[in-house]
Amino acid sequence: MKERKSAKDNQHPQHHYHQNGHLSPFKLAKLFDPDASWDKDQLGDVLHWTRQVMALVCGLIWGAIPLVGGFWFMLFLVLSSGIIYGYYALVLKIDEEDFGGHGALLQEGLFASITLFVLAWTLVYSLSHF
């Protein structure tokens, strides 16, 4: 006789459940553990949200100082990509080929972060200097 999986088990196959059915908490220590195992979705989420936080912080700072011009936009791109690269290559020491290569990892969250950066930069600059 076959055992049937409950619908609850099939809803989120990528997450690990405790016996009581609750999701196991994400461990913050995993963010800096080079021996931790990562799946593609988890690493993508971490890289995406790291970029979004950097975009918001840089946008707020750039707008408040006030900085203008393409140089500062390019500096954000270089900083953002450099920090993401340093994080997955030097801190986590993952094999980028297991996750689609450098291009896929560096592109994770890039376009959303550019949008958030420009929005925050423009709003803070406009509201505080005009």
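In which helix does Leu119 lie? Leu119 belongs to helix α5, which covers residues 110–129. Before I continue, please note that this is a predicted model, in which local features need pLDDT of at least 70, side-chain atom pairs count only at pLDDT 80 or more, and totals for chains, interfaces and linings use all residues. Residues are numbered from 1 along each chain as its sequence is written, and side-chain values use heavy atoms, with hydrogens and water left out.

Let me begin with the overall picture. The protein chain has five helices and zero strands, in the order α-α-α-α-α along the sequence. Helices (H or I, at least four residues) and strands (E, at least two) are DSSP runs, numbered from the N terminus. Of the chain's 130 residues, 28% count as buried; buried means under 20% relative accessible area, exposed over 50%, and partly exposed in between, with a 1.4 Å probe and protein chains only. Among contacts (heavy atoms within 4.5 Å) with a separation of 6 or more, 69% are between residues 24 or more positions apart.

I return now to helix α5. Leu119 has a relative accessible area of 48%, so it is partly exposed. Leu119 and Gly59 are separated by 60 residues in sequence, yet their C-alpha atoms are 7.4 Å apart in space. Ala112 is also placed in helix α5. With a relative accessible area of 37%, Ala112 is partly exposed. Its C-alpha atom is 9.9 Å from that of Trp49, a residue 63 positions away in sequence. If we leave aside neighbours within four places in sequence, Ala112 is in contact with His48 and Gln52.

How do α3 and α5 pack? Two packed helices are described by the angle between their axes and the distance between the axes. Helix α3, residues 70–91, packs with α5 at an angle of about 140 degrees, and the axes are 11 Å apart. The axes are lines fitted to C-alpha atoms, for helices over the stretch in contact, and angles run from 0 to 180 degrees between N-to-C directions. The two helices are therefore oblique to each other, since angles under 35 degrees count as roughly parallel, over 145 as roughly antiparallel, 65 to 115 as roughly perpendicular and the rest as oblique. On the α3 side, the contact is made by Trp72, Phe73, Phe76 and Leu77; on the α5 side, by Leu110, Ser113, Ile114, Phe117, Val118 and Trp121.

Next, the record. An unreviewed UniProt entry lists residues 71–92 and 104–127 under "transmembrane region"; such annotations may be inferred rather than shown by experiment. In the model, residues 71–92 are 95% helix and 0% strand, with end C-alpha atoms 30 Å apart. Residues 104–127 are 92% helix and 0% strand, and their end C-alpha atoms lie 36 Å apart.

Finally, two details of the backbone. Most residues other than glycine have a negative phi, and most peptide bonds are trans. Ile65 and Pro66, however, are joined by a cis peptide bond, with omega about -10 degrees. Pro66 lies in the loop between α2 (40–64) and α3. Lys93, a residue other than glycine, has a positive phi, near 55 degrees. This lysine, Lys93, sits in the loop between α3 and α4 (101–107). Is Lys93 buried or exposed? Lys93 is exposed, because its relative accessible area is 59%.
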